[in-house]
Amino acid sequence: MLMKAIYLSESQLERKFYDSVKRIGGLPLKFISPGRAGVPDRIVLMPEGKIYFVELKKPNGKISMIQDYIFKNFAALGFKVHIINSVESLEKFLKVITDGTSNF
């Protein structure tokens, strides 16, 4: 049986993201960097000093050229920016932060 994908608006997905991270003991902070465009939407702080960067997008949303540049700078420093644009990608991210899998 085929499963139908669940699509949420970006604001609905952000609410689900926020609630899900809080429920598992994390702190999903809005990331605002005055004077620096393109930074990820959220910084997620988890127990044991774990930090994750998240960009939330609407379904089929694309990162901008400046975001691509900034995310590559983060990667050069060893930080992955997780792109969440669906319930499925949110569930994968939650798996990463709860059991330490890193193939997301």
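Student: How many helices and how many strands does the chain have?

Tutor: The model is a predicted one. From the N terminus on, its elements run α-β-β-β-α-β-α. The chain therefore has, by DSSP runs, three helices and four strands.

Student: What percentage of the residues in the chain is buried?

Tutor: A residue counts as buried when its relative accessible area is under 20%. The chain has 104 residues, and the buried share of them is 35%.

Student: Which residues make the nonpolar surface patch?

Tutor: The patch covers about 300 Å². One of its members, leucine 27, is located in strand β1, residues 27–30. Leucine 27 has a relative accessible area of 38% and is thus partly exposed. The residues of the patch are Leu27, Leu29, Leu45 and Ile51.

Student: In which sense do β3 and β4 pair, parallel or antiparallel?

Tutor: Strand β4 spans residues 81–84, and four bridges connect it with β3. The sense of this pairing is parallel.

Student: What is the hand of the crossover from β3 to β4?

Tutor: Between β3 and β4 the chain passes through helix α2, residues 65–76. This makes a β-α-β crossover, and its hand is right-handed.

Student: Which residue in β4 stands opposite leucine 56?

Tutor: The strands concerned, β3 and β4, are joined by four bridges in the parallel sense. Opposite leucine 56, the residue in β4 is isoleucine 84.

Student: How far apart in space are lysine 50 and isoleucine 97?

Tutor: In sequence, lysine 50 and isoleucine 97 are 47 residues apart. In space, from C-alpha to C-alpha, the separation is 8.4 Å.

Student: Why does the salt bridge of lysine 30 and glutamate 14 tie together parts that are apart in sequence?

Tutor: The side chains of lysine 30 and glutamate 14 meet in a salt bridge at 3.9 Å, N to O. Lysine 30 lies in strand β1 and glutamate 14 in helix α1 (residues 10–23), so the bridge connects parts whose separation in sequence is 16 residues.

Student: Which residues are linked with Glu14 in a network of salt bridges?

Tutor: Side chains of opposite charge can pair when their charged atoms come close. A search of the whole structure finds seven salt bridges. In the network that contains Glu14, the linked residues are Lys30 and Arg42.

Student: Which residue forms a salt bridge with lysine 95?

Tutor: Lysine 95 is partly exposed at 47% relative accessibility. The closest N and O atoms are 2.9 Å apart, and the partner is aspartate 99.

Student: Where do aspartate 68 and lysine 72 lie?

Tutor: Their side chains meet in a salt bridge at 3.2 Å, N to O. Aspartate 68 is partly exposed, with 30% relative accessible area, whereas lysine 72 is exposed at 55%. The two are four residues apart, about one turn, and both lie in helix α2.

Student: What is the phi of glutamate 48?

Tutor: Glutamate 48 is part of the loop between β2 (42–46) and β3. With 77% relative accessibility, glutamate 48 is exposed. Its phi is positive in a residue other than glycine, with a value near 65 degrees.

Student: Which loop holds asparagine 60?

Tutor: Asparagine 60 is not a glycine, yet its phi is positive, about 70 degrees. Its relative accessible area of 68% makes asparagine 60 exposed. The loop in which asparagine 60 is found is that between β3 and α2.

Note on methods: Residues numbered from 1 in each chain as written. Predicted model: local features only at pLDDT ≥ 70, side-chain atom pairs only at ≥ 80, totals over all residues. Heavy atoms only, no water. Buried < 20%, exposed > 50% of the residue type's maximum accessible area, 1.4 Å probe, protein only. Patch = residues over 30% accessible without salt bridge, like charges linked within 9 Å, V, L, I, M, F, W, Y side chains within 5 Å. Areas by Shrake-Rupley, 256 points an atom, 1.4 Å probe, with all protein chains shown as cover. Salt bridge = Lys/Arg side-chain N within 4 Å of Asp/Glu carboxyl O. Pairing = 2+ DSSP bridges. Right-handed = clockwise from strand over helix to strand, strands pointing away.
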